[in-house]
Amino acid sequence: MKQRRIKEIIQKSFIWLCTFITVAALAWIVIYIIANGFEHLNLDFIFSEYKGGKNGILPMILSTVYVAFLSVIIATPIGIGAALYLVEYAKPGKLLYLVRFATETLAGIPSIIYGLFGFIFFVTILKFSFSLLSGALTLSIMVLPTVIRTTEEALKCVPVSYREGSLALGATKFQTIRGVVLPSAIPGILTAVILSIGRIVGETAAVYLTAGMVTRFPDSIMDSGRTLSVHLYVLAKEGISFEEAFATATILIITVALINLATNKAAGRLKRRYEP
Amino acid sequence: MNNTHIKIATKDLNLFYGDNHAVKNINIRIEEKNVTALIGPSGCGKSTFLKTLNRMNDLIPYVRITGDVYFEDLDVYKDYDIVELRKRIGMVFQKPNPFPMSIYDNVAYGPRIHGIKAKETLDEIVKNSLEKAALWEEVKDRLKQNALGLSGGQQQRLCIARVLAVEPEVILMDEPTSALDPLATLKIEDLVHELRNNYTIIIVTHNMQQAARISDQTAFFLHGEIVEYGATEKIFRVPEDKRTEDYITGRFG
Amino acid sequence: MNRVCNPISADLEYGTQQKRFRLRNLKEHIAEGLLLLCAFLAVLSLLIIATYIFYSGVPIFGKVGFKEIVFGMTWKPLEDMFGIFPMIAASLLATIGAVAFGATVGLMTAVFLAELAPLWLSKVIRPAIELLAGIPSVVYGFFGLIVIVPLIDKYFGGGGNSLLAAIIILGVMILPTIVSISETSLRSVPIEYKEGSLALGASQLQTIFKVSIPAARSGIAAGIILGMGRAIGETMAVILVIGNTPQLPGSLLDRARTLTSNIAIEMSYAQGLHQEALFATGVVLFVFIMILNIVLTTIFRKAGEEK
């Protein structure tokens, strides 16, 4: 009896310890970076160029926004289309299995492989060179599984009775999808988009092999650009300026926190919609 | 009986879910502008039968149907375009299923998919349909509000308005009041009473008082077969079959 | 119903109606076709990616020799020596180390959140872990570079850039994946199982270790495999802390270079055979990921069958 009590106490302390390690690691990383980054964070840093005496990050912010926007524009329609096919049309069988297998494998491929592929395919073979376009095309393939899966989940949440109601009124299948199913799944699709943006903003390996790392303002999507994550990597790797690195990392963490908040909001809306 | 018009008829209709023989040899002739009630214990095939009439069973895999269903003397499974068929044979479901959009958009949904775009026409249709469904007075000031905010009974009447908006000839009702409270049920029953003048209504119900109250004809289903079919009054007063009598007097089911 | 009396006009009407239906059905087919195309694009992307990576990376195995590359100990691209065994070893060691840490700590955290934590506490911790999952890997790397590396140097010596630093950073990075997936599967263990155990007089902890964890094992395994995939595929965070020397690490404190960092560091300037060798590195990495993926699908299928 006594032996068992001691064992239980040890086990319980171990569980507590592990939870403490998880939480402490998080707190340490976030607090340490924000504490050091905050003092270097000011409007001048955020809104100036990276040349002449200036070391601002506005060009990087713009490049990040461009790449994220482009990728989402490319990946979202394709991802939604694929999810619609899988949920609304596909019958269980080889094709469904094949697409499932492909999306799962795509989701598991490391970003450096995407970078490698983008480098050889978009940059070299298609001659898009190091450009926002090459980066966005590469990243849109990378986030495609996220968009497909999240949208699929959202579509599966739409009650069958909505589809029945519409079909019984004499709507065709596609009219039903467009008129009832898609609008009902919008919060879920929004979640997919936000999650994708999160992945794109945080990505480094796939971007710097495809979009390059030029620090100018990009003039067009054929220009090379450096995203925030790549900027942080270069600053840290080359030891250029740890202050700027801290400040950039702080901005990245804040962005991620905002993205998480937005995701939870969107998911919450989806949940509320179907609860009486 | 002779000069009444037969709206829907079936000939040796059978339906299988995989190996399960759910509907057996149904031969029924349903009159125009009449309320026909389908009664019977749960799992007797009455809802499944109802759904063969507007081909909603097409949505379910592994369903096999033999025999014929005629609507206006044409074969439902051969001669009709499925969309056209469902437009002419509307359906109200067991659980109210308004779409997650405004009350107005719910009613306008059908007309819109059938190509009506003019705002005035749509307004007119929405108003008319809601009036026919006895819902207009309750919702006329909040047509833009989400339909999911309505009470269960109101939602079901909205679903009926939604069906009326596409001007069907037949309305199938699959236990339309089973999810509603007694007061809301009464309103739906009154509505059915009103609608019988212009529409052919086939209603599946569990509730025998309801069948007796609102229907002209009644069919009693048991184990996928029709045991007895005839004038409601006769079925409830002097049933021919012992099983019908047992069911109606509450001895089983 | 009033039938149309004039058979000719009836036929005409019938004809236009048929045309309308045909047009509409055509539209439906086009829509379905477009959606199918979208779904197929996912398959096509995978095919193109795999083709190009293998097409660019496989020929060098013929030129230099499979054994010389996969089991070669020396990476000197300028002297045409492309042995990547040290990188394979470093990738595996870093992954194993990270998973050993991440799986233990992660699983226990999941147990805490699913079984022991009061509601308010799990409501605080869960979003925090979600945040941890979203933080870009380069931020982890930067933190490792600026905090972990100097700490290792201070207490163990050797400069700090080391396999150990990579293990720590990767271990923390994969925590959120393991925690959230394990927690979800622990929560989906039917309450009857737990009640059954508790009713037999087992304590809460005995129930957790003897009933809940075994019942949730396929979900937990999936979480660990996913974490493994993340660890072996991680690039930037590793580059910043591991030192990147292409040598077989003799101890945790040695510098090393992983498969991913090999590609990332040299890709921008590699030419010819050297570039091919980097693609070959990618092929090896790809194969590892595919193996993990197959294991993962098998686990999921098994879990599906069990249910």
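In the predicted model, Leu26(A) has a relative accessible area of 9% and is therefore classed as buried, the cut-off being under 20%. This residue lies in helix α1 of chain A, which covers residues 2–38. When neighbours within four places in sequence are set aside, the contacts of Leu26(A) are with Ala128(C) and Leu132(C).

The fold of chain A is described next. Chain A contains 12 helices and zero strands. Read from the N terminus, the order of its elements is accordingly α-α-α-α-α-α-α-α-α-α-α-α. Along the principal axes, the C-alpha atoms of chain A occupy a box of roughly 75 × 70 × 35 Å. Of the 276 residues in chain A, 57% are buried.

Helix α8 of chain A spans residues 173–184 and has 12 residues. The distance from its first C-alpha to its last is 15 Å, close to the 16 Å expected at 1.5 Å a residue. Buried positions in α8(A) are Gln175(A), Thr176(A), Ile177(A), Val180(A), Val181(A) and Ser184(A). An α-helix has 3.6 residues a turn, so residues three or four places apart point the same way.

The size of an interface is often given as the accessible area lost when the parts come together. Between chain C and chain A, about 6,800 Å² is buried, and carbon and sulfur atoms give 82% of this area. On the side of chain C, the residues that lose the most area to chain A are Leu35(C), Phe142(C) and Phe143(C), which together account for 9% of what that side buries. The contact involves 75 residues from chain C and 75 residues from chain A. Zero salt bridges are found across this interface, while eight residue pairs are in polar contact, with both residues at pLDDT 80 or more. Helix α1 of chain C (residues 7–57) supplies the largest share of the side that touches chain A, namely 18 residues. By residue class, that side of chain C consists of 53 nonpolar, 17 polar and five charged residues.

The interface of chain A and chain B was examined in the same terms. Here the buried area is about 1,600 Å², of which 68% comes from carbon and sulfur atoms. Chain A contributes 17 residues to the contact and chain B contributes 23 residues. Polar contact is found for five residue pairs across the interface of chain A and chain B, both residues of each pair being at pLDDT 80 or more. On the side of chain A that touches chain B, the elements giving two or more residues are α7 (160–168) and α8 of chain A. Of the elements on this side, α7(A) gives the most, with seven residues. The residues of chain A that touch chain B divide into six nonpolar, nine polar and two charged.

Terms used: Residues are numbered from 1 along each chain as its sequence is written. Chains are lettered from A and ligands numbered from 1 in the order in which they are written. This is a predicted model: local features need pLDDT of at least 70, side-chain atom pairs count only at pLDDT 80 or more; totals for chains, interfaces and linings use all residues. Side-chain values use heavy atoms; hydrogens and water are left out. Contact means heavy atoms within 4.5 Å. Buried area is the accessible area (1.4 Å probe) that two parts lose on being put together, summed over both. A salt bridge is a side-chain nitrogen of Lys or Arg within 4 Å of a carboxyl oxygen of Asp or Glu. A polar contact is a pair of N or O atoms within 3.5 Å; within protein, one must be able to donate a hydrogen and the other to accept it, and residues adjacent in sequence count only if both atoms are side-chain atoms. Helices (H or I, at least four residues) and strands (E, at least two) are DSSP runs, numbered from the N terminus. Ala, Val, Leu, Ile, Met, Phe, Trp, Tyr, Cys and Pro count as nonpolar, Asp, Glu, Lys and Arg as charged, and the others, Gly among them, as polar. The expected span of a helix is 1.5 Å times one less than its number of residues. Buried means under 20% relative accessible area, exposed over 50%, partly exposed in between (1.4 Å probe, protein chains only).
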